[in-house]
Protein chains: 2
Amino acid sequence: MTTDSKQLKKQKLLEQGVTLLLEKGYHATGLKQILDTVQIPKGSFYTYFDSKEQFAAEAINHYIEPFILRLSAHLQNPELDGLAALKAYYSELIAEVAETGFKGGCLLGNLMGEIGDTSSLCRDALLNAVARYSDLQKVALQRGQQQGSVRVDRSAQAMADLMLNGWQGALLRMKVEQSVAPLQAVCQDLLDDYFLVR
Amino acid sequence: MTTDSKQLKKQKLLEQGVTLLLEKGYHATGLKQILDTVQIPKGSFYTYFDSKEQFAAEAINHYIEPFILRLSAHLQNPELDGLAALKAYYSELIAEVAETGFKGGCLLGNLMGEIGDTSSLCRDALLNAVARYSDLQKVALQRGQQQGSVRVDRSAQAMADLMLNGWQGALLRMKVEQSVAPLQAVCQDLLDDYFLVR
DNA sequence: ACAAACCAGACGACCGGTCGCATAATCGTG
DNA sequence: CACGATTATGCGACCGGTCGTCTGGTTTGT
């Protein structure tokens with residue numbers, strides 16, 4: 001098999017892996033199920049990945065990339081200041097999750113809860129992904145501070161972390177309440193009030 | 001077997017169940033493991049519970065009770081106003097989790113993430129538990145509002161939800177960062193700043 | 001013809017759940 | 001009260017299924 005098509009199959013595995021991990025979690029997702037849907041024989045799995053655990057770690061990185069790109073895109077929109085970019089980004093996310101029926105939530109949050117303290121491999125991947133994501137939000141807030149829309153008596157990093165934590169908690173609530181209301185609430189509380197200049 | 005000793009064994013099952021569910025999650029915890037540690041034969045499990053799922057639902061209720069009692073206790077301390085009671089309560093939780101090595105986090109949060117959108121039985125239990133817990137925090141904040149320490153331009157319920165969501169998100173961060181810093185940060189951001197009167 | 005890559009199937013372990021047998025408790029009868 | 005018959009209960013062994021992982025025969029490419 002060519003190196004190209006191998007990478008392509010690996011990509012497909014990760015893509016489907018993200019979907020299933022997001023839908024059912026780590027332990028409830030079988031490798032067989034992932035392999036079947038992308039038509040890759042079970043015996044071949046270990047030519048792509050060392051183990052299920054390492055597969056999940058790669059899936060984590062594969063998952064976060066689009067989110068970073070999308071937030072970056074909003075940040076490069078010259079019409080939006082830092083805070084407005086964040087608002088636009090989260091509005092988009094809320095609209096999307098409403099369409100998909102409140103399923104899944106965030107893979108990062110789900111795996112942090114399920115295996116964040118039992119799989120060191122995944123913990124490292126999660127740490128890295130969260131750090132990159134958090135940094136980007138920090139940048140957005142920093143810009144907002146420079147532009148005068150975001151308060152400066154709290155560090156951008158602290159506000160980014162609060163936003164991220166509140167969002168993760170709201171995603172959990174969304175799951176059980178089957179509603180985007182918690183997501184809207186946290187965005188409103190933080191982006192439309194707490195983060196504003198006094 | 002007497003009804004009394006049966007209830008006692010059921011209690012033991014729930015106790016150990018909570019411990020293991022908290023430590024490893026729903027799907028990674030086997031009934032056998034729970035039953036072995038409390039010396040109850042596997043065949044007897046279904047005289048206590050209808051299924052693993054229903055067992056988890058009961059474990060959820062069994063888990064949240066002590067937290068409600070503890071927060072209630074702080075609220076009944078006449079020396080503390082509503083906000084101070086919340087601060088004292090969360091300080092206690094942080095101190096405890098630091099001693100236990102950042103393991104587990106919150107059973108409610110973990111199960112919301114793992115099975116909150118796949119097990120309707122557990123979802124109902126989670127909804128109920130979260131509602132009771134959230135209500136109690138709302139009461140604390142309401143009292144703080146009456147006593148003049150908590151801002152009144154936001155509803156106590158909204159602030160209670162924000163606190164709860166931020167706390168859950170911080171617990172996830174704690175797991176992967178192996179540190180109580182996220183917990184302290186969210187408490188400080190909300191209880192020492194955002195919730196204060198302007 | 002040979003090496004490398006691939007993959008079917010098997011492996012042992014464990015899952016949640018069931019079932020029939022052994023034991024215990026209750027009852028009927030002398 | 002004694003004792004066999006009958007019912008109720010407890011539980012170890014087992015069910016079909018799935019798990020993640022490994023191995024060795026087969027295919028592929030050179």
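Modeller: The account below begins with the contact as a whole and then turns to its parts.

The model is predicted. Chain A contributes 39 residues to the contact, and chain B likewise contributes 39 residues. On the side of chain A that touches chain B, at least two residues each come from α6 (107-115), α7 (120-147), α8 (156-177) and α9 (181-194). Among these helices, α8(A) gives the most to that side, with 15 residues. By class, the side of chain A that touches chain B comprises 17 nonpolar, 12 polar and 10 charged residues.

The relation between the copies comes next. Chain A is superposed on chain B by a rotation of 180 degrees, with 0.0 Å of shift along the axis and an RMSD of 0.0 Å. The two copies are thus related as by a two-fold rotation axis. The residue of chain A that comes closest to this rotation axis is A:Gly166, with its C-alpha at 2.0 Å. Of the interface residues of chain A, 100% are also interface residues in chain B, so the copies meet through the same surface.

A:Gly166 is also one of the residues of α8(A) that meet α8(B). The axes of α8(A) and α8(B), the latter spanning residues 156-177 of chain B, come within 7 Å and cross at roughly 105 degrees. Since angles of 65 to 115 degrees count as roughly perpendicular, α8(A) and α8(B) are therefore roughly perpendicular to each other. From α8(A), the residues that take part are A:Leu162, A:Leu164, A:Asn165, A:Gly166, A:Trp167, A:Gln168, A:Gly169, A:Ala170, A:Leu172 and A:Arg173. Those they meet in α8(B) include B:Leu162, B:Gly166, B:Trp167 and B:Arg173. The residues of this contact of α8(A) with α8(B) divide into 10 nonpolar, 8 polar and 2 charged.

Apart from its neighbours within four places in sequence, A:Gly144 is in contact with A:Asp81, A:Gly82, A:Leu83, A:Ser149 and A:Val150. A:Gly144 and A:Leu196 lie 52 residues apart in sequence, and their C-alpha atoms are 9.3 Å apart in space.

Definitions and conventions. Residues are numbered from 1 along each chain as its sequence is written. Chains are lettered from A and ligands numbered from 1 in the order in which they are written. This is a predicted model: local features need pLDDT of at least 70, side-chain atom pairs count only at pLDDT 80 or more; totals for chains, interfaces and linings use all residues. Two residues are in contact if their C-beta atoms, placed from the backbone, lie within 7 Å. Helices (H or I, at least four residues) and strands (E, at least two) are DSSP runs, numbered from the N terminus. Ala, Val, Leu, Ile, Met, Phe, Trp, Tyr, Cys and Pro count as nonpolar, Asp, Glu, Lys and Arg as charged, and the others, Gly among them, as polar. Copies are superposed by least squares on the C-alpha atoms of residues with pLDDT of at least 70 in both. Axes are lines fitted to C-alpha atoms, for helices over the stretch in contact, and angles run from 0 to 180 degrees between N-to-C directions. Angles under 35 degrees count as roughly parallel, over 145 as roughly antiparallel, 65 to 115 as roughly perpendicular and the rest as oblique.
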